[in-house]
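Hi,

Here is the model I promised to pass on.

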Amino acid sequence: MAGMELLSQLKAALETYQRLLDDFAAHRIDFDSFRRQAFRAGLVMCDGSALLLDLPSGTWYRYDGIRLYPQGRAVPEG
């Protein structure tokens, strides 16, 4: 997968997360709906691995079927 395509998918996932957070905060969706949709939004497939966003820590992880590898923060602290 080309780097720009992956970057586009990661950006879309973050935008979806933000929309879901806004919807949850405004009580347009309940927690269970938020959780299901957030999992789907934060799951990006790439070259036989899955990229997963851990929302509480803001960290992307790569899962290769055996273990999780931290890939960096989605949003820098500060």
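First, a term: buried means under 20% relative accessible area, exposed means over 50%, and partly exposed is in between (1.4 Å probe, protein chains only). On that basis, 28% of the 78 residues of the protein chain count as buried. Bear in mind that this is a predicted model, where local features need pLDDT of at least 70 and side-chain atom pairs count only at pLDDT 80 or more, while totals for chains, interfaces and linings use all residues. Residues are numbered from 1 along each chain as its sequence is written, and side-chain values use heavy atoms, with hydrogens and water left out.

Now the overall fold. The chain has two helices and four strands, in the order α-α-β-β-β-β; these are DSSP runs numbered from the N terminus (helices H or I, at least four residues; strands E, at least two). Its C-alpha atoms fill a box of roughly 35 × 25 × 25 Å along the principal axes.

On to salt bridges (a side-chain nitrogen of Lys or Arg within 4 Å of a carboxyl oxygen of Asp or Glu). The structure holds four. Arg19, Asp23 and Arg28 are linked in a network. Asp23 reaches Arg19 at 3.5 Å between the closest N and O atoms, and Arg28 at 2.9 Å. Asp23 and Arg19 both sit in helix α1 (residues 3-25), four residues apart, about one turn of the helix. Asp23 counts as buried because its relative accessible area is 14%, whereas Arg28 is exposed at 55%. Another of the bridges joins Asp32 to Arg35 (3.5 Å, N to O); they are about one helical turn apart because three residues separate them in helix α2.

What lines the largest pocket? A pocket here is an open set of points on a 1 Å grid over the protein atoms alone, where a 1.4 Å probe fits, with protein on both sides within 12 Å along at least five of seven lines; lining residues have an atom within 4 Å of a point. The lining includes Tyr17, Phe34, Arg35, Phe39 and Pro56. Helix α2 gives the largest share, five residues.

Phe39 turns up again in a nonpolar surface patch of about 300 Å², together with Leu43 and Met45. Such patches take residues with over 30% relative accessible area and no salt bridge, with nonpolar side chains (Val, Leu, Ile, Met, Phe, Trp, Tyr) joined within 5 Å; areas come from the Shrake-Rupley method with a 1.4 Å probe. Phe39 lies in helix α2 (residues 31-41) and is exposed, because its relative accessibility is 51%.

Cheers

Key:
Patch = residues over 30% accessible without salt bridge, like charges linked within 9 Å, V, L, I, M, F, W, Y side chains within 5 Å.
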